[in-house]
Amino acid sequence: MAEVKLHGFWYSPYTLRVVWTLNLKGIPYENIEEDRFNKSPLLLQYNPIHKKTPVLVHDGKPICESMIIVEYIDEIWPQNTLLPADPYDRAQARFWVKYVDELISVIAAFLHSKVGEEREKARENLWERLRVIEDQCLDDRKTFYGGDTINIVDIALGSFIKFIEVQEDMFKVKILQSERFPRLHLWFNNFKDAPVIKENTPDQEKLVAFLNPLIEKIKAVKASS
C-alpha cells in the first residue's frame, strides 16, 4: 500500500473530516500535527497557494481542501463508499456539502461576536441556516443523511455541528436546541455515537480548554496585523 500522511490540526473541523474518512475506510496513515503559528516547510511546500491544513499526502503527492480530500479517498479506496452511486443522489449530496461549507462564515461570525445583542443576532443568523438543514436536508426516518451508513454529507455536516457544540460550551449559549431542531438533534446524536466517529473525535473538555485561549490568540494576531 502506498504511503499515506495527513498534515493537520487535531482540533480543526476540516482535519476531522479527513480523520473520520480515513478511519471509516480502515486506511492506515501517519498523522503529522502542524502548528497554526509555525507551519512546517513541508506543509507550505505541499499547499503553497492557501498554506492551510489539512493536506493529505498519498504516495508523495499532496491533495488539499478537506472535501476534495474526502472525495479523493472515496475514489481510491471504494470500501465503505461515501458518495451515492446514483448520479442524481450524488449531485444532491454535493449540493448539501457545498451548503454546509458556506456555513463557515456564519459560524465564524458567532464565534467572534461580542456578548449581548451582537451575539444574539449572530445566533439568529446561524439558526436561520440550520433551519434549512432541518427542513430540507435531514429525514428523521433515516439514521444518517443517506440511510443506515455514514456518507459524505454526514462527514461535512458533522464536523461543523461538532464545532458549534464546542462553542455552546465555550459561551454557555444553547444553539442546537432539540425542540427547535429535532431532526438535526437526532441526526447528530446518531452521528457522534457511531463507534468510528466517537473513537476519533477529540474530547469535548479538551477541545474547549484548548480553543478558548487559541481563539483569543488568533484575535490578537489579527488585530495587530
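Phenylalanine 9 and tyrosine 11 are both buried (buried means under 20% relative accessible area, exposed over 50%, partly exposed in between, with a 1.4 Å probe and protein chains only). This is a predicted model, in which local features need pLDDT of at least 70 and side-chain atom pairs count only at pLDDT 80 or more, while totals for chains, interfaces and linings use all residues. Residues are numbered from 1 along each chain as its sequence is written, and side-chain values use heavy atoms, with hydrogens and water left out.

The ring centres of phenylalanine 9 and tyrosine 11 lie 5.5 Å apart with planes at 0 degrees, so this pair is stacked. Rings of Phe, Tyr and Trp (its six-membered ring) pair if their centres lie within 6.5 Å; planes under 30 degrees apart count as stacked, over 60 as edge-to-face and the rest as tilted. For tyrosine 11 and phenylalanine 210, the centres are 4.8 Å apart and the planes stand at 40 degrees, so the pair is tilted. This pair links distant parts of the chain, 199 residues apart: tyrosine 11 lies in the loop between β1 and α1, and phenylalanine 210 in helix α10 (residues 204-224). Helices (H or I, at least four residues) and strands (E, at least two) are DSSP runs, numbered from the N terminus.

Tyrosine 11 has 7% relative accessibility, whereas phenylalanine 210 is partly exposed at 32%. Phe9, Trp10, Tyr11 and Phe210 form one aromatic cluster.

## The sheet

Four strands form an open sheet in the order β2-β1-β3-β4, with mixed pairing (two strands pair if DSSP finds at least two bridges between them). At the edges stand β2 (30-33) and β4 (61-64), each with a single partner strand, so one side of each lacks a neighbour in the sheet.

Strands β1 (residues 4-8) and β3 (residues 55-58) run antiparallel and are joined by four bridges. In this pairing, histidine 7 stands opposite valine 55 of β3.

## Nonpolar cores

The largest nonpolar core has 58 residues (a set of buried Ala, Val, Leu, Ile, Met, Phe, Trp, Tyr and Cys residues joined through side-chain atoms within 4.5 Å). Its largest share, 12 residues, comes from helix α7 (residues 152-171). Because domain 1 (4-76) and domain 2 (87-213) both contribute residues, this core lies between them; the domain bounds come from an automatic or database domain assignment.

Among the residues with the most contacts inside this core are Leu130, Ile161 and Trp187. Beyond its neighbours within four places in sequence, isoleucine 161 is in contact with Leu130, Leu176, Leu184, Trp187 and Phe188 (contact means heavy atoms within 4.5 Å). A second, separate core of 11 residues includes Leu6, Val19, Leu22 and Ile63.
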